[in-house]
Amino acid sequence: TEQALGRIIGSLCVITTCQGETHQGFLTSCISQASLNPPGLMIAIPKKPETEEYFDLESSFIVNILKEGRNVRRHFSAGNSSAFEALETETAANGCLILTQALAYLECTVAQRVDAGDRWLVYALVNQGEVLEGTGLTAISYRSSGRQI
């Protein structure tokens, strides 16, 4: 079962959040489009104090969709507190950071959060987005087991 679950692939993204002047970023591939009208997406967020507080109702965040072949993901490995220092960023209208090396980004607002095992399922409305680079493929995450996300 775990190996079969591991065959589900997802877009590799960096979620950026902010509270005041504090910016956080984390890597995820547990993301999917959830609705067309209004445009919305679903993200599975680990139940950790450092991520949970950033996804309350009406919280804002950015989904930075990574481009295949760029090694942006290494900056967001566990415990890397200086990720934003090594990357070029712009500040979005919602105050969160856009990674300029991303393929595209989506500016989002949390509409619902549901308890789901060891994760929160976050349904967010997409307020706006932009393709930053018209060519290239979306980086995707291949897993060998459903035990790793």
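This is a predicted model: local features need pLDDT of at least 70, side-chain atom pairs count only at pLDDT 80 or more; totals for chains, interfaces and linings use all residues.
**Stop 1**

Thr-16 is part of strand β2. Leave out residues up to four places away in sequence, and Thr-16 touches Gln-24, Gly-25, Phe-61, Ile-62, Asn-64, Phe-84, Cys-96 and Leu-97.

Is Thr-17 buried or exposed? With a relative accessible area of 2%, Thr-17 is buried. Setting aside neighbours within four places in sequence, you'll find Thr-17 in contact with Thr-22, His-23, Gln-24, Tyr-54, Phe-55, Phe-61 and Cys-96.

**Stop 2: the sheet**

Switch to a cartoon view and look for the seven-stranded sheet. In what order do its strands run? Going across, you get β3-β2-β6-β9-β10-β5-β4; the sheet is open and its pairing is antiparallel. At the edges are β3 (22-28) and β4 (31-35), each of which pairs on one side only. On average, neighbouring strands here are turned by 35° against each other, ignoring direction.

Next, colour β9 and β10. They pair in the antiparallel sense over 12 bridges, and one spot to check is Leu-106, whose bridge partner in β10 is Gly-129. The two strands form a hairpin with two residues between them, and in the turn Gly-117 has a positive phi of about 65°.

On to β5 (residues 40-46). This strand pairs with β10 (residues 119-131), again in the antiparallel sense, over seven bridges. Click on Leu-41 and you'll see Ala-124 of β10 standing opposite. For Met-42, the bridge partner in β10 is Tyr-123.

**Stop 3: the rings**

Show the aromatic side chains. How many aromatic pairs does the structure hold? There are three. Zoom in on Phe-26 and Phe-55: their ring centres are 6.0 Å apart and the planes meet at 80°, so this pair is edge-to-face. Phe-26 belongs to strand β3, while Phe-55 is in the loop between α2 (49-52) and β6 (60-65), so the pair ties together parts 29 residues apart in sequence. Both Phe-26 and Phe-55 are buried.

Then go to Trp-120, where two charged ends are worth a look. That of Lys-47 sits over the Trp-120 ring, 5.1 Å from its centre. That of Arg-113 also sits over the Trp-120 ring, 4.1 Å from its centre.

**Stop 4: the nonpolar cores**

In soluble globular proteins, nonpolar side chains tend to be buried together. Which residues of the largest nonpolar core touch the most other members? Select Leu-41, Ile-43, Phe-55, Phe-61 and Val-63: these are the ones, out of 19 residues in that core. At least two core residues come from each of β2 (13-19), β5, β6, β9 (104-116) and β10. The biggest giver is β10, with four residues.

Pick Val-63 and show its surroundings. Apart from neighbours within four places in sequence, Val-63 is in contact with Cys-13, Val-14, Ile-15, Ile-31, Leu-41, Ile-43, Ala-104, Tyr-105, Leu-106 and Cys-108. There is also a second, separate core of 12 residues; among them are Leu-12, Leu-66, Leu-99 and Ala-102.

**Stop 5: two loops**

Last, a pair of backbone details. Find Pro-38 in the loop between β4 and β5. The peptide bond joining Asn-37 and Pro-38 is cis, with omega at about 0°.

Finish at Glu-58, in the loop between α2 and β6.

Notes: Residues are numbered from 1 along each chain as its sequence is written. Side-chain values use heavy atoms; hydrogens and water are left out. Two strands pair if DSSP finds at least two bridges between them. Axes are lines fitted to C-alpha atoms, for helices over the stretch in contact, and angles run from 0 to 180 degrees between N-to-C directions. Rings of Phe, Tyr and Trp (its six-membered ring) pair if their centres lie within 6.5 Å; planes under 30 degrees apart count as stacked, over 60 as edge-to-face and the rest as tilted. Buried means under 20% relative accessible area, exposed over 50%, partly exposed in between (1.4 Å probe, protein chains only). A charge sits over a ring if NZ of Lys or CZ of Arg is within 6 Å of the ring centre and within 35 degrees of the ring normal. A nonpolar core is a set of buried Ala, Val, Leu, Ile, Met, Phe, Trp, Tyr and Cys residues joined through side-chain atoms within 4.5 Å. Contact means heavy atoms within 4.5 Å.
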